[in-house]
Amino acid sequence: MAVYAIAFIAFSIDLARRGAAAAKAADDAAALAGGVAAEQPAAEREKVGVLQAASAKAAAQAAAGGTGTASGSDASTGRVSRWRSATADGASVAYGRSPALRVGVAMTVVAWLLHLSATVLRGFAAGRVPWANMYEFALTGTLIITTVFLVVLVVAKHDLRFLGTFVTGLVLVLLGVATVNFYVSVVPLPPALQSIWLVIHVFVATASVGFFALSFALSVVQLMQSRRESLVASAKAAKKSFLATLPDSVTLENLAYRVTIVGFILWTFTLMAGAIWAENAWGRYWGWDTKEVWTFIIWVVYAGYIHARATRGWRGSRSAWLAIIGFSTVLFNFTVVNLFFKGLHAYSGL
């Protein structure tokens with residue numbers, strides 16, 4: 001958790017630097033526009049406009065490897081970046097290299113390695129997979145969330161490192177709550193859990209939660225970006241937020257939608273695998289147990305999100321709120337249902 005905290009601080013410093021860069025860009029643009037309009041003749045204003053456009057192009061090229069580009073190369077090294085520029089995704093301010101961002105990613109990788117070691121050691125101590133109670137599920141689930149985040153950083157064309165603050169912050173909160181409130185010693189498995197389906201069903205469920213968490217983070221940033229864009233469009237606010245260096249709300253929404261689809265596919269398999277396991281354990285596929293009902297509710301919410309966005313044209317804030325509500329039902333299922341509802345799935349260990 002200490003290493004995750006360092007990563008969180010580094011990502012937060014990067015967001016602060018983004019805000020400062022956006023404020024400076026807005027002030028420079030205002031000063032340049034005012035100076036040109038007041039003092040220079042038309043021919044000089046044209047020259048300044050050309051120089052300003054060239055400067056913006058150079059800044060976008062210099063941003064390669066910072067918030068990243070997939071087309072273009074670093075002017076100093078000639079290295080082609082694997083990420084698209086944030087300006088290519090609709091960002092209004094180019095943002096260059098950030099040492100804090102690199103430190104945040106490096107510390108996240110170190111934290112992930114320590115997290116993985118702790119999870120594996122818990123499994124060895126228990127002599128089974130480490131997700132048989134709430135503490136172990138939180139330990140494994142947060143590991144999967146971090147894993148999904150790091151994998152997406154590697155495979156995605158878009159630079160999503162700006163999500164580090166949200167992801168590491170979420171992992172810190174969940175790990176802290178699990179350590180303080182959910183910790184239990186290693187205990188033997190109940191008979192119903194002694195099955196290969198414990199490995200398959202729960203692992204796929206945690207993987208889907210990892211994608212839902214990333215979709216949640218993207219949707220939160222989308223709402224913030226959408227609000228900033230509406231204020232800028234109505235001339236009620238200047239482009240001085242760190243959000244000016246991030247992709248626009250449409251790009252964020254599309255990314256959240258794609259990530260949610262992956263999580264939804266995995267959750268669908270979770271629902272089917274749970275029914276098969278229930279038949280093996282209790283002789284019926286479905287019994288309206290509380291946990292079964294909430295698993296189905298989560299599936300319905302995300303199915304509604306995908307359907308509403310794909311066929312009903314629910315875009316923008318409405319789709320973002322549906323994704324946030326979906327992840328809220330996931331957290332409710334993990335915490336409130338496990339702690340306060342009794343049933344055949346009462347394996348909190350508390």
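Q: What is the count of helices and strands in the protein chain?
A: The protein chain has 9 helices and 0 strands. Both kinds of element are DSSP runs numbered from the N terminus: helices are H or I with at least four residues, strands E with at least two. From the N terminus on, the order is α-α-α-α-α-α-α-α-α. The model is predicted: local features need pLDDT of at least 70, side-chain atom pairs count only at pLDDT 80 or more, and totals for chains, interfaces and linings use all residues. Residues are numbered from 1 along each chain as its sequence is written, and side-chain values use heavy atoms, without hydrogens and water.

Q: Why is Thr206 called buried?
A: Its relative accessible area is 1%. Buried means under 20%, exposed over 50%, and partly exposed in between (1.4 Å probe, protein chains only). Thr206 therefore counts as buried. Thr206 is found in helix α6. Leaving aside neighbours within four places in sequence, Thr206 is in contact (heavy atoms within 4.5 Å) with Phe137, Gly141 and Ile144.

Q: What share of the protein chain is made up of buried residues?
A: Of its 350 residues, 46% are buried.

Q: What makes a space in this structure a cavity?
A: On a 1 Å grid over the protein atoms alone, a cavity is a set of points where a 1.4 Å probe fits but cannot get out. The structure holds 3 cavities of 30 Å³ or more.

Q: Which residues lie nearest the centre of the largest cavity?
A: They are Phe137, His201, Val202, Lys291 and Asn333, out of 41 lining residues. Lining residues have an atom within 4 Å of a point. Helices α4 (134–155), α6 (196–233), α7 (249–282), α8 (290–311) and α9 (317–340) each supply at least two. Helix α7 gives the most, with 9 residues. By class, the lining has 27 nonpolar, 12 polar and 2 charged residues. Ala, Val, Leu, Ile, Met, Phe, Trp, Tyr, Cys and Pro count as nonpolar, Asp, Glu, Lys and Arg as charged, and the others, Gly among them, as polar.

Q: At what angle do α3 and α4 pack?
A: Helix α3 (residues 99–126) and α4 pack at about 145°, axes 10 Å apart. Axes are lines fitted to C-alpha atoms over the stretch in contact, and angles run from 0 to 180 degrees between N-to-C directions. Their contact has 9 nonpolar, 7 polar and 2 charged residues.

Methods. On a 1 Å grid over the protein atoms alone, a cavity is a set of points where a 1.4 Å probe fits but cannot get out, and a pocket is an open set with protein on both sides within 12 Å along at least five of seven lines; lining residues have an atom within 4 Å of a point. Grid points are joined across faces, edges and corners, and a volume is the space filled by probe spheres set on the points.
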